[in-house]
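Welcome! Open your viewer, and let's take a short walk through this model together, one selection at a time.

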Amino acid sequence: MPVSTAAWPAPTATQPLDAVVDIPGSKSLTNRYLVLAALASSPTELVRPLHSRDSELMVAALRALGTEVRPADDGGPDLVITPRPLRGPAQVDCGLAGTVMRFVPALAVLADGEVRLDGDERARERPMAPVVGALRDLGARIDAAAGLGGAAVLPLTVHGNGRLAGGAVDVDASGSSQFVSALLLAAPAYEGGIDLRHTGATLPSLPHIDMTVALLRGRGVAVDELTADGGPAGGRTGVAPTRWRVHPGPVAGGRIVVEPDLSNAGPFLAAALAAGGTVRVPRWPSATTQAGDGLRDLLARMGATVDLTDGVLAVSGPADGVIRGLDADLHDVGELAPTIAALCALAATPSRLRGIAHLRGHETDRLAAIVTEIGRLGGRARETEDGVEIEPATLHGARVETYADHRMATFAAIIGLRVPGVEIVDVGTTAKTLPDFTGMWQAMLAGSR
Ligand SMILES: O=C(O)C1=C[C@@H](OP(=O)(O)O)[C@@H](O)[C@H](O)C1
Ligand SMILES: C=C(OP(=O)(O)O)C(=O)O
């Protein structure tokens, strides 16, 4: 991937914000709906899907496997997906998208023919072994490159013959919830479905697995959420599941409206704390499985006033402008960590973000990136075994590195609202999930949208 060396001067806020920001569709929802649409028994119409690098990579992957994906008849941004028999030979570019590199192999095992998957340089380092190992255990033939300690990584070649036995399998998903989601999403099309048991000590990002289960059920697939010994879990039981059974059967098509990406709303809502004033995000769902909904509580704990009325989330910065430090376990919502860390760097009291060791396997090693870049800005941060600690400090401008990580770019933009002279290297990396980030950011400052 070309890395631009031109740095973007992050705008400083000169007055309190008063903006309405319309956030594009959720990455996690869009890419799940696309996978399910490819397996469905009838066409799917996706209304307001995300159009970004990660979702375009998923669309291209599905097309490479034979699925028809086209714009809706009105030529607008909506998509119509018509399932076709999955087939190789195919080449799939995963870019740096965790959803593509983990979800597509689980689908590619159902293709008749060879499917080769590769991605950006950093994608070749992101953990893949649990999903590759599980697919092999379920009957797939996969050749994978060997990474650290011989673990399977991209590039890999899936030798499919149009079917997979499926059945019982153990997976250590302590490195990423996406290993579980990948296997569950494709499992209705496996002959025996799947009975997946998570064996690791911890399981990050459980809301993302809940999202997978909710979407499968929404498409008519039977899913059991269980404890390791087969007892009931999930939903109203209040017990976190560690085992999931997906029954084989048809996946329904139909019309689906995609929720806005609540995690991508994060930097804009955080801006209200950094700059003062109020930012409103319309179409905030009243009930959702998106991790980004956790922002309401986290931002309130940092001093914001948060109000959700008639589907509009309004976040206002503290009246005295003082951001409170935060001690929080972000294990379930690790995706929000860079955004929260930016506010912690501006806070008046110390912060401790815990439960996020798995962020070392994200787009970059996010714990190292957060600590390094806060240091570069004159702040004080240190890495712990499972997170970061951030102390109050007077920050100064700097050229902030982003490591091909969209959330490190938005992290720097939040700090830049208060700290003059912040320049963001390769701000274009935000196109991973939010192609018009700089335009939206400037419009927010102008209070126009
Ligand atoms: O399934 C998904 O859509 C995601 C799951 C999470 O991954 P991890 O479990 O690896 O944190 C999250 O951080 C990522 O942004 C999206
Ligand atoms: C971890 C993230 O992405 P990915 O889907 O590539 O894992 C993220 O968007 O914060």
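Start by selecting strand β7 (residues 112–118) and strand β9 (residues 152–161), which pair in the antiparallel sense over six bridges. Strands here are DSSP runs of E with at least two residues, helices are runs of H or I with at least four, and both are numbered from the N terminus. Two strands pair if DSSP finds at least two bridges between them. Now click on E114: opposite stands H159 in β9.

A word about what you are viewing: this is a predicted model, in which local features need pLDDT of at least 70, side-chain atom pairs count only at pLDDT 80 or more, and totals for chains, interfaces and linings use all residues. Residues are numbered from 1 along each chain as its sequence is written, while chains are lettered from A and ligands numbered from 1 in the order in which they are written.

Touching means contact: C-beta atoms, placed from the backbone, lie within 7 Å.

Move on to strand β3 (residues 44–47). Which residues are on its covered face? They are T44 and L46, while E45 and V47 are on the uncovered one. Strand β5 (residues 79–82) runs antiparallel to β3, joined by three bridges, and I81 in β5 is the bridge partner of T44. Strand β14 (residues 254–257) pairs with β3 in the parallel sense over four bridges, with V257 as the partner of V47.

Now find H198 in strand β11 (residues 194–198). Is H198 buried or exposed? It is buried, because 22 other C-beta atoms lie within 10 Å (buried takes 20 or more, exposed 12 or fewer, and partly exposed is in between, with C-beta atoms placed from the backbone). Beyond its neighbours within four places in sequence, H198 contacts V171, A173, V180, L203, T242 and R243.

Last stop: select helix α7 (residues 262–275) and helix α11 (residues 406–418), whose axes come within 8 Å and cross at roughly 20 degrees. That makes α7 roughly parallel to α11 (under 35 degrees; over 145 is roughly antiparallel, 65 to 115 roughly perpendicular, and the rest oblique). Axes are lines fitted to C-alpha atoms, for helices over the stretch in contact, with angles from 0 to 180 degrees between N-to-C directions. Show P267, A270, A271, A274 and A275 of α7 with T410, A413, I414, L417 and R418 of α11 to see the contact.

Note on methods: Two residues are in contact if their C-beta atoms, placed from the backbone, lie within 7 Å.
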